[in-house]
Structures are given as C-alpha cells and as structure tokens.
Amino acid sequence: MAFLLLFLLVLSESRADNFDEAYSDLENYRTIYISENGPRLSVDTAQPKVISQRGGNATLPCKFNRDPSSAPNPKLRIKWTKLTSDYLKEIDVFVALGFHKKSYGQFHGRVHLQAASENDASLVITEIMLEDYGKYKCEVIDGLEDDTAVVSLDLQGILFPYFPRLGRYNLNFPDAEKACRDQDAIMASFDQLYDAWRDGLDWCNAGWLSDGSVQYPITKPREPCGGKNTIPGVRNYGMRDKQKERYDVFCFTSNYKGRFYYLIHPSKLTYNEAVQACQKDGAQIAKVGQMYAAWKLLGYDRCDAGWLADGSVRYPISIPRKRCSPTEAAVRFSGFPDKKHKLYGVYCYKSDN
C-alpha cells in the first residue's frame, strides 16, 4: 500500500511538471470579456394610451432609433397591426416600405404616417369608428434588426348592459356581437367594464365581453349576486363556449354625428306608427346605444317613455326627480311591451350624413 501511494504521488508531480512546461506561457495571456453595444434598433411610444372619440382623429405615437453608424436603409419597413381582444391574432392596418404605402380593410383611406421626422413612425387615424378601439403594435424592420412597441386607443363613451326581447340569458357570443351592432355599439372590453364598475355600475346579470369571457360588475354585494359577504368587484365566469352558452352582453358606444330627440307628436303611438313618424320627420327610430350616448355624453334628459328600434321602451334622466327617476340619473327601462300598444311616444335619430 505504501508503495502504491508513493507511485501516485510521483505520477501526480510528473503530470504537474508536464502541464507547467506545456502551458508555461499562460502568464502572457489574459481573459477578455466581449459584450455587445446593445440593440442597433429600438422602438418606443411616448405614451401607452391615446384617448379619442368616434368621428374624431388620433395619433398613435411611435418612434424608432437606429445605430448612428448604420448606413441609410431605403428598404426600412414600418408595419402597424391591431391586436384582437384575445391577443391570438393581428389585423393588418398599415405598411410602409420606402415610397410604397398601403392601408388595409376598415382602415383603408383613413390611416397614414405622421412622418414629423425621419425616425417618426406614428400612425394617424382619421374618422375613428367604434371598431378602432383596442391595442395597436408598431413594428420597425431594418434589415436583420426588428423591434416593436404597443399603444392603446381608448374611446370616450359609455358601457351599457343589454338583452333582447327574448329575455335575459338568450345570447350566444355571435348573437351578442350582432345585438350590440344593431344598437349602434360594439361589445365592451374588460377594461371598459372595469372602468364602468369603478364609476359605480352595479349589474347582477352576467354578460359577454369582447374577449369571450362572461363577467358582471357588483358594487353592492348581496345574496343573488355572488353573496352578501363577498367584496365588491367584477365577478368573472371565465372563458365560455361561444356557441352553446347564452348570457346577456355588455355593449359600448361613443359620440355620434347627428341629432337624438324625442318627437313631439299629437298622440301616443304603436311601434309601427313610431317608426313611420320618425321617417316622416326625415329621421329613423333611435337605437338603444344612441339614447345612452345622448344621456351620458350630452346630458340628455326627458321624462317621457318612448319606443326605440329594438322594440323596447325607455327614457333618459340626467336630473333625478319624482315620478321620473327619484334616486339616480339613469336610462330607465320600461320593458318590451306589445308593439300594438298605443301608449308611448318615440325617440328619433337624424344623422348629419
């Protein structure tokens, strides 16, 4: 055993000597750490959110910075896309490649680059529509370099819960989308529902949102609405089957270019008479979204129940008072009466176009 240990010790010293001889010049070398100078292209937005309204204009900010040592690139590409509410797809909005520029779909002819400077990729949207609401991605491609930034377009407006003549919980997701469009609105987003809840909206019926989830806002917890011992908040049923499951819907609308008014008429009207009376006045029977927009954004106040296009009867109260809405400003809902009943007036809408 002693002989074996002596042999291993000699062998170890021999290998150490050989290593020193083979790499005796290591002391003349040093370790060098190499680091990159950072990205040669960066894209950023001056603000995360831009607020506008239907019919208005908006500029979505986006600027890019290239490496000063880089040569000019005539093939630098700027691309804008709109993110769907579920973030699963991107919708083409605008592309610029040198002198070639193209806008797509509903944005055709309504978008262009601001081009305030050589590194300005900001997008100008004109004649804003309800469907323009959402998040947009600015992408700049410079050869092999690529960077993006996201900015939100928010709209001034109002969210409102909706269900059709069939009654509550009768809309699957496609039906809910159509129901909002028919009332001059779009399906609301979670952010819009959350903002409405913070403003005091309390509604104990679950409704579809644009991302396919079903939720409802509660400011006053109570047994039928999640329990009285729960905290206030937006109750969430999660993502639901868009074809099979049925709920109400939360819609969102914004400013309009036109005139909403109660038609002065010598007598009360049936539904068909109400439609004809508005047409005779050069207008159309108003939609639910138009009443909500007039009430919320213009302070419209009228204590007369009137027909609307969906066959419902409602009236907008901005100043609470007896016999109208004694406790709160609200759009009052009188239901979906028999269309043959000659008991109501009518609200009309006349577009500026």
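# Values against cut-offs

Me: Leaving aside neighbours within four places in sequence, which residues is Ser213 in contact with?
Reply: Ser213 is in contact with Gly207, Trp208, Asn236, Gly238 and Met239. Contact means heavy atoms within 4.5 Å.

Me: What kind of model is this, and what do the values include?
Reply: This is a predicted model: local features need pLDDT of at least 70, side-chain atom pairs count only at pLDDT 80 or more, and totals for chains, interfaces and linings use all residues. Residues are numbered from 1 along each chain as its sequence is written, and side-chain values use heavy atoms, with hydrogens and water left out.

Me: How do you know how confident the predictor is?
Reply: From pLDDT, the predictor's confidence in each residue, from 0 to 100. The chain averages 90, and 89% of the residues score at least 70.

Me: Where does pLDDT stay under 50?
Reply: Over residues 1–36. The model has 0 contacts beyond four places in sequence for this stretch. Where pLDDT is low, the predicted coordinates should not be read in detail.

Me: Why is Ser213 called buried?
Reply: Buried means under 20% relative accessible area, exposed over 50%, and partly exposed in between (1.4 Å probe, protein chains only). Ser213 has 2% relative accessibility, so it counts as buried. Of the 353 residues of the chain, 43% are in the buried class.

Me: Which side chains make a polar contact with the side chain of Ser213?
Reply: The side chain of Asp211 does, at 2.7 Å. The side chain of Gln215 does too, at 3.0 Å.

Me: What element holds Ser213?
Reply: Strand E15, residues 213–218. Helices (H or I, at least four residues) and strands (E, at least two) are DSSP runs, numbered from the N terminus. The chain has 5 helices and 23 strands.

Me: Which class does Glu127 fall into, and which does Arg323?
Reply: Glu127 has 43% relative accessibility, so it counts as partly exposed. Arg323 has 84%, so it counts as exposed.

Me: What is phi in Glu127 and in Arg323?
Reply: Phi of Glu127 is near 45°, a positive value in a residue other than glycine. Glu127 lies in the loop between E9 (123–125) and E10 (134–142). Phi of Arg323 is near 70°, again positive in a residue other than glycine. Arg323 is in the loop between E21 and E22.

Me: How do you know that E3 pairs with E9?
Reply: Two strands pair if DSSP finds at least two bridges between them. E3 and E9 have 3 bridges, so they pair. They run antiparallel.

Me: What makes E3 and E8 edge strands?
Reply: The open sheet runs E3-E9-E8, with antiparallel pairing. E3 (58–60) and E8 (111–113) each pair on one side only.

Me: Why is Gln279 called exposed?
Reply: Its relative accessible area is 51%, and the cut-off is over 50%, so Gln279 is exposed. Gln279 lies in helix H4, residues 271–280. Gln279 and Cys348 are 69 residues apart in sequence and 8.7 Å apart in space, C-alpha to C-alpha.

Conventions:
Polar contact = N/O pair within 3.5 Å; in protein donor to acceptor, adjacent residues only side chain to side chain.
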